[in-house]
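Please keep the sequence and the structure in view while reading.

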Amino acid sequence: MDRLAVLDQAGDLTSEHVRLIAQALGVTERTVWRWVRARRTPPPPPKKRGRFRIDADLRVRLAYWRGNASALHRELLEQEKQGGAPTPSLATLHRAIRQDVSPGDRAGLREGERARRRFDVFLQRPPSHRNAAWEADHVEAPVQVEADGRLVKPWVTWFVDAAHDVILGVAVTPRTPNRESVLAALRAAVMRREPYGPAGGLPAVVRIDRGKDFLSRTVADALGALAVRVDDLPAYGAHLKGTVETINGAAERMLFAGLPRYTHRQTRVSGGPVDPDQPPLSFEAFTAEVLSWVRWWNTEHILTDLGDRSPMQSWADDPTPIHDADETRLWMFTLDDDRRHRTITTKGVAFGRGRHYIADWMVGLVGTQVRIRYMPHHTGEIEVFDAGTGVHLGTAVLADAAPPQTRARVQQARARKARALRADLAAAERERRVRYAASTVPEPAQRLDAMTAAEAAAVLAAEHDADMARWARPDLIPFGPPPASWRLPVDPNGHAHRNRNEDRR
């Protein structure tokens, strides 16, 4: 119609133009001519009629009544009775809420922020490469398993590559996850060995939320020692680490929902489970199920977003270089350090309440300042380092729980040190045994072990002769005949002994 109005104002409008427009719009030519005449004499604009609107104060009252429009309407009627503004009808109030309050805000006013987020639009991260970013999270498995004779709901901690959806490392614990769980999963993710390899290596960044376990000093130190940056995401920002959250949901639908004693299973009319006596899995069996599912997800599960490939295939096709960590030192990075200096005493190294740790290498080092590193919640043994140089001195075990072999080695080390010391002291005492002759007149002290020049020359000559005799080779140069003046020994038969060399000749 804008085109027809332009032609009409220029005087170029024809019946052909009207017929073409009518055919395109599926109306009659008479209708199009009526539209053209209406454009020539436009009607006056309609008067805008004021309507009831939801302002900031009414939004607060709507939130007070948890999104209930009827309750808000009753409150407005009470205010009108007390001399307030006229109250619109309930239908008008509903219409104003629909026009002035978005669906997401209405859900938020009823249920809160989580409900409002369901109406948000989230962006997708641009394509990336392997080890560009990892995402880590805990998830409580909605499954009851048997651990130590009681039913618990285990937790799963995993690290996921954000570019290829590969699960790099997993740790399962029957209790609330802690630093130990994170460190175990981190080691499994970094080391490119079975059952998660060959994926792994060192990432450029790890995205985590504000969980107290992930942000503990232990994890920060471990990742910092590996030169890995940690992106501290806002709390409850699941959309900021969507890859691991997607795997959390997939694990519940594909794994947990098929296990015995799934807590979200169907219920009876009374709300009770259909099979309340269903035997639970043991913790070992549950862990095996999780690891088996992770292997299936990585190697067999085909994802459309990855070009109809499995996560491991997508990872292997990525040509980005992999930076590996030194596995011989990786265990050191993932140990906790309380940053305190301790002293080796006769009882060993004190750590914890009334706990002492001993080792055979501690013998002779009492008084040395040391620092310790340990695996959280595994305090049966600790690693001890020199506080000044940082050199790893060795491993120490809990004294009260030390095995017989360790106790025997400690005793042997003490005995060995004692023998060495006794030998050193005896040698020193022999050096001190200097005796002096008694004197009746004022004269310099005379050492009894002093020797004259002739005695010294005799000792040296004897040593020289002994040395020459040791190097003598009588078979190399034959002896000559004895002089005629020698008197030779006679055997019982009356024959004189001749030279051996003469006998050979």
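Three strands, in the order β3-β2-β8, make up an open sheet with mixed pairing. Because β3 (150–152) and β8 (281–282) stand at its edges with a single partner strand each, one side of each has no neighbour in the sheet. Strands are DSSP runs of E with at least two residues, helices are runs of H or I with at least four, and both are numbered from the N terminus; two strands count as paired if DSSP finds at least two bridges between them. The strands β2 and β8 run parallel and are joined by two bridges, with Val145 opposite Leu281 in β8.

This is a predicted model, in which local features need pLDDT of at least 70, side-chain atom pairs count only at pLDDT 80 or more, and totals for chains, interfaces and linings use all residues. Residues are numbered from 1 along each chain as its sequence is written, and side-chain values use heavy atoms, with hydrogens and water left out.

Strand β1 (residues 134–140) has two pairing partners to consider. With β4 it runs antiparallel, and seven bridges join the two; here Trp134 has Asp161 as its bridge partner. With β6 (residues 205–208), β1 pairs in the parallel sense over two bridges, and Trp134 stands opposite Val206. Six of the seven residues of β1 are buried, that is, under 20% relative accessible area, where exposed means over 50% and partly exposed lies in between (1.4 Å probe, protein chains only).

The largest nonpolar core has 28 residues, among which Val156, Trp158, Ile167, Phe256, Phe286 and Trp293 touch the most other members. Such a core is a set of buried Ala, Val, Leu, Ile, Met, Phe, Trp, Tyr and Cys residues joined through side-chain atoms within 4.5 Å. At least two residues each come from β2 (145–147), β4 (155–161), β5 (167–173), α11 (242–254) and α12 (283–299); α12 gives the most, six residues. A second, separate core of 26 residues includes Ala171, Leu202, Ala222 and Leu335.

Finally, the largest pocket is lined by 27 residues, of which Gln124, Arg125, Ala162, Asp165 and Thr243 lie nearest its centre. On a 1 Å grid over the protein atoms alone, a pocket is an open set of points where a 1.4 Å probe fits, with protein on both sides within 12 Å along at least five of seven lines; lining residues have an atom within 4 Å of a point. Helix α11 supplies the largest share of this lining, four residues.
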